[in-house]
Structure formats: C-alpha cells, structure tokens
Amino acid sequence: MNTVLKMTAKRQLFLMSSSAVHGYEYLQHAEQDLSNFFKKNNVSKVLFVPYALADYDRYTEKVGTVLKRWGFDCEGVHSKPDPVAAVREAQAIYIGGGNTFLLLKTLYDQNLVAPIRDRVLNHSVPYVGSSAGTNVATKSIQTTNDMPIVFPPSFDALALVPFNINPHYLDPEVGGTHKGETREERILQFHEQNEAPVLGLREGSTLVVDGEKATLTGTRSVRLFRKGKDPEEFEAGSDLSFLMKL
C-alpha cells in the first residue's frame with residue numbers, strides 16, 4: 001500500500017531592522033545572511049514591493065542594483081500589470097522600508113494583504129522585510145515609529161508572526177538632554193491597551209524565521225517587551241522560537 005506524505009508549508013522570513021546601518025553600505029550589513037537565505041530557498045529572482053516610498057522606480061533600482069551585484073534578479077511589483085498575479089508567481093517577496101502607514105494602505109488598496117499572507121504561510125514563499133516591511137510582517141503596525149501621513153483601512157497587518165516588532169529600536173542616550181518619551185516608554189504605553197509582545201530590533205539586528213524556529217542574527221542585541229513583565233535582552237544568535245508559540 002502506497003503512503004502519501006503531506007508536506008507542511010514552512011514560513012521563511014528575514015526581518016531586518018533597517019537596510020542602512022552606520023559603517024556599512026546599503027544592505028551590506030546583511031549581505032552574507034540574506035544571500036544565504038535566498039540560496040537556501042532556491043531564489044534567483046526577487047519581487048520587490050516599493051510602496052513605502054513615493055518614487056517606486058528609483059527605490060526598486062536602488063535595491064535591485066545591490067541584489068543584482070549579489071547574483072539575484074529583482075523586479076518591482078509596480079511594474080507588473082497585475083500585482084496580485086505577480087505575488088502569486090513570485091519566488092520571493094521583499095518589502096522595503098519607508099512610511100509604514102503608506103505601505104499598509106497601498107497593500108490594502110492593491111488587494112495584496114491576503115495573497116502575500118497566503119503565499120508566505122501556505123506556500124513557503126520567502127519573505128524579506130526591512131523597517132516598514134518588517135512592521136507589516138507582524139500582527140499590526142501599532143508599534144511603528146512613523147507618522148500617519150495616510151489612513152490605512154486597518155492597523156492589522158500580514159500577521160506572518162504572532163507578535164509585534166519595533167524596528168530602529170533606540171536606547172536612551174547616556175547623558176542626553178532629551179526629556180520626551182523614550183522608545184521603551186512608548187512600548188509600555190502600547191501594552192496598556194494591547195497584549196502582543198513587542199520585539200525591539202536595534203539597527204543591525206535581524207530576525208530569521210524558519211517554520212516555527214526564530215533566530216536572532218546580525219550584530220546587535222534586541223529588547224523584548226511582554227505585558228506585565230520586565231523587558232529582556234537577547235544577544236545575536238539567540239533562539240527566540242518561543243515567540244512563535246505565543
């Protein structure tokens with residue numbers, strides 16, 4: 001009797017705090033890890049989503065120039081006559097940074113939220129996010145640092161992971177004179193109204209997800225906030241898979 005094995009889709013995520021890190025050229029800090037991520041997933045062509053900035057062509061060219069130098073082709077979803085079809089045919093999806101509200105609104109306007117989520121979660125299409133692109137990969141965009149320059153129909157995002165992320169997480173400057181709210185204080189205010197954990201990604205840090213396994217890579221530690229608990233620090237190389245089960 002023949003036995004048919006059912007294959008379970010495994011999400012493949014590469015969630016960066018930022019594409020630009022001090023001391024590195026654009027995306028250089030992630031070159032080895034991101035290249036390995038694409039190669040492991042047999043990616044030769046990347047579908048780039050430039051919706052977080054206004055100049056789609058220029059943004060796609062900026063990212064594409066780097067990826068092509070590494071050996072990967074890159075096309076902008078905006079250049080396709082049918083963005084939904086482009087997502088359904090994509091080998092990998094890369095959403096760049098910019099304004100998170102503008103990005104999410106445009107994803108809703110283009111009817112791409114459900115197709116992207118389906119491709120990533122049900123078909124194991126690799127997803128790369130940077131800054132705003134990392135924000136929209138989470139449960140909601142409520143922990144973005146950006147100004148609401150437009151109004152998306154919902155704060156609910158792609159929900160590729162069951163928690164929130166705060167890219168560009170900043171610690172208070174030692175000896176600084178700024179008396180406004182710190183990033184930590186803003187996240188604690190978020191937890192006065194919401195339950196989702198928040199992972200503060202410092203510049204140079206990346207969360208890599210392989211199915212239910214989540215690993216911190218890069219050069220910096222991260223700060224995890226959970227409602228009712230003291231914040232925790234995790235160094236690069238840490239296993240954060242417990243966040244996938246919350």
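**Aromatic contacts in a predicted model**

The model is predicted, with pLDDT of at least 70 required for local features and 80 or more for side-chain atom pairs, whereas totals for chains, interfaces and linings use all residues. Residues are numbered from 1 along each chain as its sequence is written, and side-chain values use heavy atoms, without hydrogens and water.

**View 1. The pair Phe101 and Phe155.** The planes of Phe101 and Phe155 meet at 75 degrees with ring centres 6.2 Å apart, so the arrangement is edge-to-face. Distant parts of the chain, 54 residues apart, are linked here: Phe101 belongs to helix α4 (residues 100-109), and Phe155 to the loop between α6 (132-135) and β6 (164-166) (DSSP runs numbered from the N terminus; helices are H or I of at least four residues, strands E of at least two). Phe101 is buried at 9% relative accessible area, while Phe155 is partly exposed at 43% (buried, under 20%; exposed, over 50%; partly exposed, in between; 1.4 Å probe, protein chains only).

**View 2. The pair Phe234 and Phe242.** This aromatic pair is tilted, with 40 degrees between the planes and 5.8 Å from centre to centre. Phe234 is buried, at 15% relative accessibility; Phe242 is partly exposed, at 28%.

**View 3. An aromatic cluster.** One cluster is formed by Phe14, Phe37, Phe38 and Phe72.

Note on methods: Phe/Tyr/Trp six-rings, centres within 6.5 Å; stacked < 30°, edge-to-face > 60°.
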